[in-house]
Amino acid sequence: MEVAAKTFFSSRLYAVAGASAEKSKFGYKLLAWYDSRHLPVQPVTPSRPSIQVSSNNYSTVSSVGELESPSETSLSIVTQPHITLKVLREAKEAGISCVWMQPGSFDEEGLEYAKKEFKAAVGGNEGRAGEGWCVLVDGDEANHRAKEEKL
């Protein structure tokens with residue numbers, strides 16, 4: 001899974017499916033994580049046209065299929081498991097090759113689908129937090145390793 005996490009951060013662009021404007025929700029915290037690291041990120045949510053994080057206003061897209069460059073985008077997913085499988089199928093159809101499913105966002109079917117269909121799929125019960133692979137906990141190390149490899 002560490003190789004998948006490093007591969008995930010080798011992408012040029014990032015997106016967050018399940019992004020939220022509510023600061024208490026993980027969809028916001030995940031978007032803010034990308035923002036604070038100056039990584040190019042696009043929120044994916046059908047519920048609003050934009051989300052403000054710090055001084056940045058991000059335009060949203062309502063589905064993964066609307067991303068501008070899906071083949072260059074790694075997708076973080078923080079949706080309910082029954083929605084995640086639909087998002088994974090849309091991501092595969094759109095040409096996304098790397099996904100990171102946050103803890104609580106997937107069930108066994110979604111995890112198996114992701115591992116089978118994507119070049120890199122991060123998710124499961126490992127990671128440093130003890131609750132599963134989480135961008136908020138494991139992302140900095142994986143991103144650092146991906147950048148080191150590019151040098």
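Trainee: Which strands does helix α3 lie across?

Mentor: This is a predicted model, to start with. In it, α3, residues 81-94, lies across β1, β5 and β6. Its direction is at about 175° to β5.

Trainee: And α2, what does that lie across?

Mentor: β1, β2 and β5. α2 runs at about 170° to β1.

Trainee: OK, the sheet itself. What is the strand order?

Mentor: β2-β1-β5-β6-β7. It is an open sheet of 5 strands, and the pairing is parallel.

Trainee: Which strands stand at the edges?

Mentor: β2, residues 41-44, and β7. Each has a single partner strand, so one side of each has no neighbour in the sheet.

Trainee: How much are neighbouring strands turned against each other?

Mentor: By 15° on average, ignoring direction.

Trainee: Let's zoom in on β1. How many bridges does β1 share with β5?

Mentor: The parallel pairing of β1 with β5, residues 73-77, has 5 bridges. Leu13 has Thr73 as its bridge partner in β5. For Val16, the partner in β5 is Ser76.

Trainee: And how many bridges join β1 to β2?

Mentor: 4, and those two strands also run parallel. Look at Tyr14: its bridge partner in β2 is Val41.

Trainee: Is β1 enclosed or open, and why?

Mentor: Largely enclosed by the rest of the structure, because 5 of its 5 residues are buried.

Trainee: Which residues sit on which side of β1?

Mentor: Leu13, Ala15 and Ala17 are on one side. Tyr14 and Val16 are on the other. Every one of these is buried, so both faces are covered.

Trainee: Switching to the core. Which residues touch the most other members of the largest one?

Mentor: Phe9, Val16, Tyr34 and Trp100. That nonpolar core has 26 residues. Elements giving two or more residues to this core include α1 (2-8), β1 (13-17), β6 (98-101) and α5 (135-150).

Trainee: Which element gives the largest share?

Mentor: α2, with 5 residues.

Trainee: What about a second core?

Mentor: There is a separate one of 21 residues. Val87, Ala91, Val99 and Phe118 are among its members.

Trainee: Now aromatics. How many pairs are there?

Mentor: The count is 10 aromatic pairs. Take Phe9 and Tyr14: ring centres are 5.7 Å apart and the planes are at 40°, so this pair is tilted. Both residues are buried.

Trainee: And what sort of pair do Tyr113 and Phe118 form?

Mentor: Edge-to-face. The distance is 6.4 Å centre to centre, with 70° between the planes.

Trainee: Are Tyr113 and Phe118 buried or exposed?

Mentor: Buried. Tyr113 has 19% relative accessibility, and the cut-off for buried is under 20%, so it counts. Phe118 has a relative accessible area of 6%.

Trainee: Which rings are linked into a cluster?

Mentor: Phe8, Phe9, Tyr14, Trp33, Tyr34, Trp100 and Trp133. Ring pairs make the links.

Key:
Residues are numbered from 1 along each chain as its sequence is written. This is a predicted model: local features need pLDDT of at least 70, side-chain atom pairs count only at pLDDT 80 or more; totals for chains, interfaces and linings use all residues. Side-chain values use heavy atoms; hydrogens and water are left out. A nonpolar core is a set of buried Ala, Val, Leu, Ile, Met, Phe, Trp, Tyr and Cys residues joined through side-chain atoms within 4.5 Å. Buried means under 20% relative accessible area, exposed over 50%, partly exposed in between (1.4 Å probe, protein chains only). Rings of Phe, Tyr and Trp (its six-membered ring) pair if their centres lie within 6.5 Å; planes under 30 degrees apart count as stacked, over 60 as edge-to-face and the rest as tilted. Two strands pair if DSSP finds at least two bridges between them. Axes are lines fitted to C-alpha atoms, for helices over the stretch in contact, and angles run from 0 to 180 degrees between N-to-C directions. Contact means heavy atoms within 4.5 Å.
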